[in-house]
Amino acid sequence: MTASIVGWAHTPFGKFDTETVESLVVKVANEALSDAGIGASDVDEIVLGHFNAGFSPQDFTAALVLQADPNLRFKPATRVENACATGSAAVHQGIRAIASGAAKIVLVVGVEQMTRTPPAEIGRNLLRASYLPEDGDTPGGFAGVFGKIAQGYFQKYGDQSDALAMIAAKNHKNGVANPYAQMRKDFGYEFCRCESEKNPYVAGPLKRTDCSLVSDGAAALVLVDSEIAKSMGKAVNVRATAHAQDFLPMSKRDILQFEGCSVAWQRALEKAGIALSDLSFVETHDCFTVAELIEYEAMGLTPRGQGARAIKEGWTQKDGKLPVNPSGGLKAKGHPIGATGVSMHVMTAMQLTGQAPEGMQLANATLGGIFNMGGAAVANYVSILEPAK
């Protein structure tokens, strides 16, 4: 263990006409430093996760973090990007800065503002996280890419519409207790299962309730080295991290395997010296419900093709043997690209310190796992966190 999370901040996710990328960044940067009890002058390095890809006219956004406090002037600040895993890329870069000895205190911010962009342009922007020579003309944009994945899965393993609806219903129910979630409504299984005017098919077998939301939002956290963490009011230790990058073209791999996800989980669990069954809960990347289904298999919860068992037998419910997405996941929280991975780490830290909102807090959570994915299982990040002893 080399780094610990000692403070955090999180805006609600949603549609914010009065906010900008700058205002969101400034808000969470100040709140995270305040939460940690650390002054801006003590920060050694800043890492910003911001995907953008055309969502914001203002690019070169790493320096916007300096707007939070004049004492951040002249601090090293870098923007990182790895598609939908941009937030975790930022967190992991901060952890590496501490592990290398280059920094003792790192401020990590993740942000995205998507809702001001016209819908057709949103689709084009998101599709840039796929391999354009193969997928650039996919109807339905990135949802269309995952619609094809779902169709392939159904063809190989049978119709999984029941399981997808159960995943959507679980995550929406969990999101009701999360004050940061964009959609705090328990839709129930029947609504998620049935096509309707309010829940039409979007791409292939995926309905609207199978797709995460277009969102604005930001999250931030403060990382410190393990010695400093011992003197802090609260601390969550980073027990292990892993990052596995896979080929961008889906034609070069078996997309139903999510092999990069499997590799990242195997590496992280081995580094942590634990088994998947030792985890108290997991926050996983449910950009689409079929992604969560395949991730059950890729993380080793079920054998290949049997992911539906995990949801149908209640394993991943909040009272199951491995709760998955007690926060409501991307499905209920929303998915502001650059903020998502940072949000996952904040939600996990809240759980492990007993500071999750009422109704979302799990009992006796001692180990939390995070999986954040960029593209269709291309950028695969796993973190394993535990409360400081």
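## Strand S7 and its partners

Strand S1 (residues 3-10) runs antiparallel to S7, with seven bridges between them; strands here are DSSP E runs of at least two residues, helices are H or I runs of at least four, both numbered from the N terminus, and two strands pair if DSSP finds at least two bridges between them. Within that pairing, Ala 9 has Ala 220 of S7 as its bridge partner. Strand S4 (residues 105-113) also pairs with S7 in the antiparallel sense, over nine bridges, and there Gln 113 stands opposite Asp 216.

A word on the model: this is a prediction, where local features need pLDDT of at least 70, side-chain atom pairs count only at pLDDT 80 or more, and totals for chains, interfaces and linings use all residues. Numbering starts from 1 along each chain as its sequence is written, and side-chain values use heavy atoms, with hydrogens and water left out.

S7 itself (residues 216-225) is mostly covered, with ten of its ten residues buried (under 20% relative accessible area; exposed is over 50%, partly exposed in between, using a 1.4 Å probe and protein chains only). Both faces are covered: Ala 218 and Val 222 are among the buried residues on one side, Leu 221 and Leu 223 among those on the other.

## The whole sheet

Zooming out, nine strands make an open, mixed sheet in the order S3-S2-S4-S7-S1-S8-S11-S10-S9. S3 and strand S9 (281-283) sit at the edges with a single partner strand each, so one side of each has no neighbour in the sheet. From one strand to the next, the twist averages 25° (axes are lines fitted to C-alpha atoms, for helices over the stretch in contact, and angles run from 0 to 180 degrees between N-to-C directions).

S1 is also joined to strand S8 (residues 236-245), antiparallel, by two bridges, with Ser 4 opposite Asn 237. Helix H9 (residues 259-272) lies across S8, S9, strand S10 (368-374) and strand S11 (379-387), at about 145° to S8. H13 packs on the sheet too, touching strands including S1, S4 and S7, and its direction makes about 55° with that of S7.

The largest nonpolar core has 103 residues, and Phe 146, Phe 258, Trp 265 and Ile 384 have the most contacts inside it. Such a core is a set of buried Ala, Val, Leu, Ile, Met, Phe, Trp, Tyr and Cys residues joined through side-chain atoms within 4.5 Å. A second, separate core has 31 residues, including Leu 33 and Val 109.

Ile 384 touches Val 238, Leu 269 and Leu 367, among others, not counting residues up to four places away in sequence (contact means heavy atoms within 4.5 Å).

## Rings and charges

There are four aromatic pairs, meaning Phe, Tyr or Trp rings (six-membered ring for Trp) with centres within 6.5 Å; planes under 30 degrees apart are stacked, over 60 edge-to-face, the rest tilted. Phe 146 and Phe 288 are stacked, at 4.8 Å centre to centre and 25° between planes. They lie 142 residues apart, Phe 146 in helix H5 and Phe 288 in the loop between S9 and helix H10 (289-298).

Two lysines sit over rings: Lys 234 over the face of Trp 8, 3.8 Å from the ring centre, and the charged end of Lys 252 over Phe 247, 4.2 Å from its centre. The rule asks for NZ of Lys or CZ of Arg within 6 Å of the ring centre and within 35 degrees of the ring normal.
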